[in-house]
Amino acid sequence: MKNIAIFASGGGSNFKSIHRNIKLGKIFGKIVLLVSNNSNSGAIKYAKKNNIGTFIMDIVKHSKSEIDEELLIEKLELVNIDLICLAGYLKLLPSKIVRKYRNCILNIHPSLLPRFGGKGFFGMKVHEAVIESGIKESGVTIHFVDEKYDSGKIIIQEKVLVRNNYTPKILSKKILEVEHVLYPKIVKAFCEDKIFWENNNPIIKY
Ligand code: GRF
């Protein structure tokens with residue numbers, strides 16, 4: 001059984017979908033901590049309601065301080081974290097955490113990376129840029145996290161067609177529907193030790 005920490009800044013629909021799949025017995029893991037930089041987020045409210053431990057990173061006062069990093073690492077160690085899932089977490093992870101949990105941190109991004117990824121591409125901004133570009137295909141990427149935004153090794157991508165009448169809002173909804181199926185599937189594979197590394201690339205072997 002893997003101990004999972006979810007990092008989320010917003011509504012947390014991906015967090016909820018992973019939690020739902022755990023409750024249904026589909027994922028052999030336990031969410032032991034929800035980390036957020038936003039104490040008013042839907043993710044925090046959901047965690048509290050479901051008796052999941054929370055840790056709030058105060059971005060205004062401490063975002064870059066060593067102390068916060070240490071405090072977070074201490075928290076993660078205390079609950080014996082095996083896997084960190086970023087689910088709409090808008091801050092860059094401290095490099096110390098990336099080093100300590102290398103190849104054990106996942107992120108989900110609402111486009112086909114490397115397109116429409118990197119600093120500044122988050123939330124609706126991604127979908128607005130996709131629609132603006134006129135491209136006919138977007139999608140979902142799940143990747144391991146490294147020291148930069150949206151740049152770690154890709155585990156899986158799934159395409160979503162961008163139809164002519166799509167607004168950023170419609171596209172976001174279509175993409176979230178795919179995310180809610182794909183993220184639990186990859187978390188499940190990780191928890192069952194089914195993600196392997198070959199030639200420096202992650203491969204899922206079912
Ligand atoms: C998702 O679109 C995810 O790909 C991106 O942020 C959004 C988070 O949505 N990283 P939610 O908070 O899980 O609803």
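Which residues is Ile 4 in contact with, leaving aside its neighbours within four places in sequence? Among them are Ile 22, Leu 33, Leu 83, Val 187 and Cys 191. Contact means heavy atoms within 4.5 Å. This is a predicted model: local features need pLDDT of at least 70, side-chain atom pairs count only at pLDDT 80 or more, and totals for chains, interfaces and linings use all residues. Residues are numbered from 1 along each chain as its sequence is written, and side-chain values use heavy atoms, with hydrogens and water left out.

**Nonpolar cores**
- A nonpolar core is a set of buried Ala, Val, Leu, Ile, Met, Phe, Trp, Tyr and Cys residues joined through side-chain atoms within 4.5 Å.
- Buried means under 20% relative accessible area, exposed over 50%, and partly exposed in between (1.4 Å probe, protein chains only).
- The largest core has 41 residues, and Ile 4 is one of those that touch the most other members.
- Helix 7 (residues 168–191) gives the most to this core, with ten residues.
- Helices are DSSP runs (H or I, at least four residues), numbered from the N terminus.
- Another core, of 20 residues, lies apart and includes Ala 5 and Tyr 101.

**Cysteines**
- A disulfide is a pair of cysteine sulfur atoms within 2.5 Å, and the count here is zero.
- For Cys 104, the nearest cysteine sulfur is that of Cys 85, 11 Å away.
- For Cys 191, the nearest is also that of Cys 85, at 7.5 Å.
- Cys 191 is buried, at 6% relative accessible area.

**His 19**
- His 19 sits in helix 1 (residues 13–23) and is buried, at 9%.
- Not counting residues up to four places away in sequence, His 19 touches Ile 31, Tyr 46, Asn 50 and Ile 52.

Definitions and conventions. Helices (H or I, at least four residues) and strands (E, at least two) are DSSP runs, numbered from the N terminus.
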